[in-house]
Amino acid sequence: NCITDCSILNQSTCLPIMTKQVVMDQEEISANLWYPDGCYNASLFKATEGYRQYQQFSILMSQLMIAVGVLGLCGNIFSIFVLARKEMKNCFNHIMIAINVCDSLHLLFAILDAIRNSFGEYYPVFLLEVFPYFHYPFYRISLLASIYLILSVAIERYTAVCRPHHYREVQANSSRSLLYILPSLGMAVVVNLSRFFETETAKLCVDLSACGPCHDGPVWAHYVKPTNLRLDKRYIIYYQTWTWVLSTGIIPLVMLMFLNLKILLSLRRLRSRLQTKVVKGNKQGQVQAKRLSQQSKDVNLAFILVSTVFMFFFCHLPRLVTSIYEAANIHSILECKEKGQDKTPLWFMYVTAAVQLLMVVNASVNFPICFFAGQSFRSTTLQMIRCGWQASQNGREDKKEKGAQEGDDDHPVTTAGEEHVQDNDNENNKNKVDNVSTVEDTKSVYNNHTGQTITSL
């Protein structure tokens with residue numbers, strides 16, 4: 001059976017009406033909105049002026065997520081190419097590449113999620129069909145992988161700064177970065193395995209051909225709905241709420257606070273030693289100079305980590321606060337939902353929408369942090385920009401000279417001499433033979449001095 005209710009279609013735009021308008025004034029809505037047990041009528045709540053303002057705010061957050069996400073994607077892709085250069089090769093930068101990849105995936109899914117929530121008509125149908133197995137789980141996996149990789153960077157810097165002797169022993173291992181990257185990715189997948197079973201795609205037949213010129217016949221409308229697992233009360237309490245709060249918030253934040261405190265204390269001592277040490281001119285002094293240079297690099301990389309963690313705290317603390325609030329009130333919220341009502345406060349909806357934007361911001365600031373806090377990253381980036389600019393200038397000069405030479409070829413220089421040849425055997429007439437020798441210009445071969453080529457993923 002197909003849906004034939006014409007009230008769900010906007011005849012002027014031919015787009016579906018997401019929610020039916022409740023024909024009641026605001027005073028009447030307020031009088032009937034709340035129940036004695038603290039729950040409220042969800043249908044009446046969506047007709048309030050406060051909820052309409054929240055919808056506008058949510059659309060604004062989606063627009064900002066798309067704009068910031070696109071800029072962040074460009075910055076992350078450029079950062080990957082800078083960090084992948086030969087002179088930037090080390091364990092720390094390899095982990096940073098993995099962070100940029102995960103953040104780029106998170107930005108891509110965040111952009112798609114913003115389009116699906118606020119501009120659903122532009123969300124591709126084929127993505128909606130694979131939403132439970134692609135968009136929904138990997139959106140969360142990419143977030144958790146980025147969190148665990150930041151924790152891995154903190155552990156790596158803690159080893160370099162606080163345990164330098166052990167760090168020098170394992171530094172020669174070229175595959176050491178995989179010992180940080182693979183467990184982080186594996187843990188992110190394991191924690192989110194059940195996400196693949198939380199949603200499912202359904203479809204229904206909609207025939208609005210009798211409602212006007214918008215539709216010629218029946219069509220299949222795809223939509224996403226939660227599975228029985230996602231609606232299970234115990235699953236919501238123990239996994240969806242508490243496991244997620246602990247694995248993405250409390251445990252990583254506590255570990256990052258401890259590691260960064262240790263790193264900052266060691267950095268103070270290390271910087272004072274670097275300022276007071278005097279390098280001798282003998283062989284032992286050369287070894288000491290090399291060691292001091294490495295320690296100076298470790299200090300700079302640690303500053304990148306501290307800046308990254310500071311931004312992480314700024315963007316993730318609101319998410320942690322809202323998650324803890326939800327976990328503390330989850331029982332009363334579920335009791336209201338079992339009655340077909342709701343208890344989610346309006347301020348919580350505002351904060352949740354803003355938190356999604358903060359997640360996008362956190363995934364988009366990798367390039368600014370590395371550029372302003374990292375000396376090697378900044379110098380390599382400026383070198384790439386200079387090489388690219390020089391290559392473009394050389395290309396323009398080559399085109400100009402090639403065009404000038406092609407103009408000269410249109411007017412070749414020729415010399416002609418006439419020779420009169422007498423044929424004594426057969427002819428008495430004089431034949432004039434033009435012997436034209438063409439002097440061709442020799443074209444110069446110009447070498448293009450190009451820098452590193454930057455391609456997009």
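A: A word on classes first: Ala, Val, Leu, Ile, Met, Phe, Trp, Tyr, Cys and Pro count as nonpolar, Asp, Glu, Lys and Arg as charged, and the others, Gly among them, as polar. This is a predicted model, in which local features need pLDDT of at least 70 and side-chain atom pairs count only at pLDDT 80 or more, while totals for chains, interfaces and linings use all residues. Residues are numbered from 1 along each chain as its sequence is written, and side-chain values use heavy atoms, with hydrogens and water left out.

Q: How many cavities of 30 Å³ or more turn up in the whole structure?
A: Two are found, a cavity being a set of points, on a 1 Å grid over the protein atoms alone, where a 1.4 Å probe fits but cannot get out, and its lining residues having an atom within 4 Å of a point.

Q: What lines the second largest cavity, by class?
A: Its lining has five nonpolar, three polar and one charged residues, including Asp-103, Phe-312 and Asn-362. Helix 11 (283–328) gives the largest share, three residues, with helices being DSSP runs of H or I of at least four residues, numbered from the N terminus.

Q: And which helix gives the most to the lining of the largest cavity?
A: Helix 6 does, with four residues. The lining of the largest cavity divides into four nonpolar, five polar and one charged, and Asp-103 and Asn-362 are among its residues.

Q: Switching to charges, how many salt bridges does the structure hold?
A: There are 11 salt bridges, each a side-chain nitrogen of Lys or Arg within 4 Å of a carboxyl oxygen of Asp or Glu. In one of them, Asp-37 pairs with Lys-339, with the closest N and O atoms 2.6 Å apart.

Q: Where do Asp-37 and Lys-339 lie?
A: Asp-37 is in the loop between helix 1 (26–33) and helix 2 (42–45) and Lys-339 in the loop between helix 12 (330–338) and helix 13, so the pair ties together parts that are 302 residues apart in sequence.

Notes:
1 Å grid on protein atoms, 1.4 Å probe; cavity = no way out; pocket = protein on both sides within 12 Å on 5 of 7 lines; lining within 4 Å. Points joined across faces, edges and corners; volume = space filled by probe spheres on them. Helix = DSSP H or I, 4+ residues; strand = E, 2+ residues; numbered from the N terminus.
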